[in-house]
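Please look over the sequence and the structure below.

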Amino acid sequence: MKFRIRLNIKGIIGLTIILVEVFFACFPSLIVFHNPHEMNYSAIFLGPSREHLLGTDEVGRDIFSLLIFGTRASLMVGFIAVGISTTVGSIVGLLSGYYKGIISEVLMRFTDLFLAIPRLPLMLVLVALVGQSIWNIIIVIGLLLWSQVARIVRSQTLSIREKSFIERGKAFGYSDFRIIIFHILPNVLPLVFANAILLMGSAIYYEVTVSFLGLGDPTHISWGMSLHYAFESSAILYRAYWYIIPPGVAIVITVLAFTLIGNALDESFNPKLRER
Amino acid sequence: MNIINIRDLKVFYRTHKGKLRAIDGVKFSLNKGESVGMVGESGCGKTTLALSILKLLPPRGYIEDGNIFYKGEDLVQKSEREMRKIRGNEISIVFQGAMNSLNPVKTIGEQISEGLLLHTNMSKVEAFDKAKESLISVGISPDKLIEYPHEFSGGMKQRVMIASALVCDPQLLIADEPVTALDVMVQAQILELLNRLKQEKKLSLLLITHDLSVVAETCDKIVVVYGGKILEYANIEDSLLHPYSKELFRSFPNINGPRILSKGILGTPPNLINPSRGCRFEPRCNQSLKICVKEEPRLIEVCDQHFVACHRLKTSGA
Amino acid sequence: MVKIEIKNLKVWFPVRTSFLKSLYSKKHQYSHAVDGVSFKIKEEEIFCLAGESGCGKTTLAKAMIRLIKPTSGTVRYSGVDLLSIGKNEFRSYRRKLQIIYQDPYSSLNPKKNVFNTIAEPLKVHNFIKNFSEGKDIITQILEEVELTPAESFFGKYPHELSGGQRQRVSIASSLVLNPDFIVADEPVSMLDSSVRTEVLYMMLRLKKKRKLTYLFITHDLSLAWLISDRIAIMYLGKIVEMGPTDEVVSNPQHPYTKALISVIPRPTSGVKHKKIILKGNPPDSMNIPAGCRFHPRCFEAKDICKRAEPSIVKFNKNHYVACHLLSQKRKP
């Protein structure tokens, strides 16, 4: 199997941002001097200074450290939740696209149901029910985003199964399993991959929203939690812009970076979108 | 009087490997009311030539050199705006697989009259009447005018495409593989239609195809193209003389001839990025001479209105 | 020896009706793609099925090798009734019955290279244990289809090959299982004229060498005439004329065959022959006209043609025709 990926300049910018963030997430202590958990009640709501690059929060924690350590949670949510939803979505999409009749109908109606449900309220209810841990949040997000993947994989599968190399496989006596895994999957994979990258942006957004609304994991540092605390501690009233802006900008940059890569991949896999 | 006169036309494509010489010095003219069939293998530059006449080349293609005179005016010098007045109005084209180029959400009538509304001052009603006339001329009942393309079969769609190409009464119709994807019976219907329109409307026709028998059925003259060059230009009644034309002719089953399957022309079409110095067909030719490798043969008149580019003919003729 | 024999084979597809329609009409609509066809193909014969698109020729051929499930009828291959045996038992026949597709661009998996494309059927049928083992077999088969040097093609992907080369790879992978009955569904119609003859020539050579039996499907009668031993002309799911190719082409009896032969384009100009151009398009297989199914387009149709369907009768030795006019002519 061979992937030929050609990223355009936008894609390269996006990829660079993500790689830098991955580095932050892996080795946060190489970047920062403060322990993000360390509180100091004598230094609350301090503005940016040499000691605290982005100032401190309402309990005297270093915001720059919180920001760098928060990368890990966001990326983890992005990668794992998308991993779950892509796997589930691909399986459902492949099966419902390949088999006609009752299996396809049932799987598709199920997908439609998930597409129709308002995601955010359901997510909040589910997180509240299963408990506010980062893993629960990841699983809930993963299980709510698969329906989109299933739709895309199904439509692609439907068009590939009409190609004569699929019927040809049957003439060679290949099993359905072999045809799905070795012949259809490799042909839908590029699209799934590009879509997964785009989906990471949404997954990160959902985590931020859930955390901001107060259902985040209090034991983990994340950008969403930072925003939540900033809001709770009335940082706006103290005009502590250094507390509110950095996590917001970090979220926007990350989501944008994923979108840039996703679009670049889409263009690279889909010749019709390539520069005309 | 010639309607199209092409002089030393060179059309190149920019590729990442270098310039691709799709048309490399083509010279030919088409007289009024005449029909010329252009044959050759795929990738020999037939379609490029058609597109360059209308200046509809893809972004990578450009006219490097030469002139295309249409009624004495050089199309190469014309601006995009001026060309728009010519396309569809004076010169029309029917593309390969044209039946897929109908807009599914517009009625047949709307699509045929679109060209009229664009090029003339006709009112919608007048244009619709003209469209009706055009539809009748291609043998479709006028009450189909208000129907949508999905109700039409492949052959009927192709007729609609011809009707909309002819609705502005163009002087020249370029048909690029007009029957290739069609069934034998539909193919015969379309060819008969083209033959009839040619006579009724005194239309000049440039028919581009890979199928020699289609040319034999509809055209007065034949042009054999190979590797961006014209190898032979002859009246349809003349027997072809160039080794390539002969091989091409032999590779078509002729139900009146012997029942033998020819071996085909061995080898592959030439590389157009770095073409050899000699004759383009030399590597596949079974009658090549020493001179063929070194020097490119020029198109010479071997007898009345019959041009061939082959060293062998020149030497044997002299 | 008869290689494959079909009797009264029918393939009907249920037509999807709208939900509303299905409420007030209980009757199922069917598209009669193949509507009762019988013939035999002898060993090492090239049998050609010809007709316009939509006449059911491809469906018939696919039903013969069990790629489509026939509605009724029998298919006997070397004496075995292929339709009555179970899925597992059929597996051993699977490799004997192969198909070559029309479009070399969609019949190869774009994500697989030449080596794996050909090695996969070998592995599935346990001819080889792993992919590397097949090297000799694959080299040999690539040489047979004139893709040399074979090794240089191993790593190539379909998009790196020309149309003719793709079709050769496709043929190679069909032949690698040593089949003896091959359905060739318009194998050259999408290829360039010079490549076309090369591929046909090769197919004929392979037939001799491997003692293959071909069922050749085409809409191009001149091609059929060139290569086939016997020909059957199909119209709307039925055979209207069948016989030795030479005889059918030189002495067609059914009006439909006459028309088809008259419109074959000829590369020689000058001698203009009379063409019989049929009006209209073939009616669809959902509403088959009563009587002779060809009568609405027939230029010789009589009253009887609207009423009764003609059965296929012997015209002379090995030459069968389904037309009322023929039997009428002969009666007096």
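A salt bridge is counted where a side-chain nitrogen of Lys or Arg lies within 4 Å of a carboxyl oxygen of Asp or Glu. In this predicted model, the side chains of Glu217(B) and Lys275(C) form such a pair, with 2.5 Å from N to O. The count of salt bridges between chain B and chain C is two. Polar contacts between these chains, with both residues at pLDDT 80 or more, join eight residue pairs.

On the chain B side, helix H6 (184-201), helix H7 (212-218) and helix H8 (243-250) each provide at least two of the residues that touch chain C. H6(B) gives the largest share, seven residues. By type, the side of chain B that touches chain C consists of 19 nonpolar, 13 polar and eight charged residues.

The size of an interface is often given as the accessible area lost when the parts come together. Between chain B and chain C the buried area is about 3700 Å², and carbon and sulfur atoms give 60% of this area. Ile255(B), Arg259(B) and Leu261(B) supply 23% of what chain B buries against chain C, more than any other three residues. In terms of contacts, 40 residues of chain B meet 41 residues of chain C.

Another part of chain B to look at is helix H1 (residues 46-53). Seven of its eight residues are buried, so H1(B) is largely enclosed by the rest of the structure. Among the buried residues are Lys46(B), Leu49(B) and Ile53(B). Just after this helix, Lys55(B) has a positive phi of about 55°.

Technical notes: Residues numbered from 1 in each chain as written. Chains lettered and ligands numbered in written order. Predicted model: local features only at pLDDT ≥ 70, side-chain atom pairs only at ≥ 80, totals over all residues. Heavy atoms only, no water. Contact = heavy atoms within 4.5 Å. Buried area = accessible area lost by both parts, 1.4 Å probe. Polar contact = N/O pair within 3.5 Å; in protein donor to acceptor, adjacent residues only side chain to side chain. Helix = DSSP H or I, 4+ residues; strand = E, 2+ residues; numbered from the N terminus. Nonpolar A, V, L, I, M, F, W, Y, C, P; charged D, E, K, R; others polar. Buried < 20%, exposed > 50% of the residue type's maximum accessible area, 1.4 Å probe, protein only.
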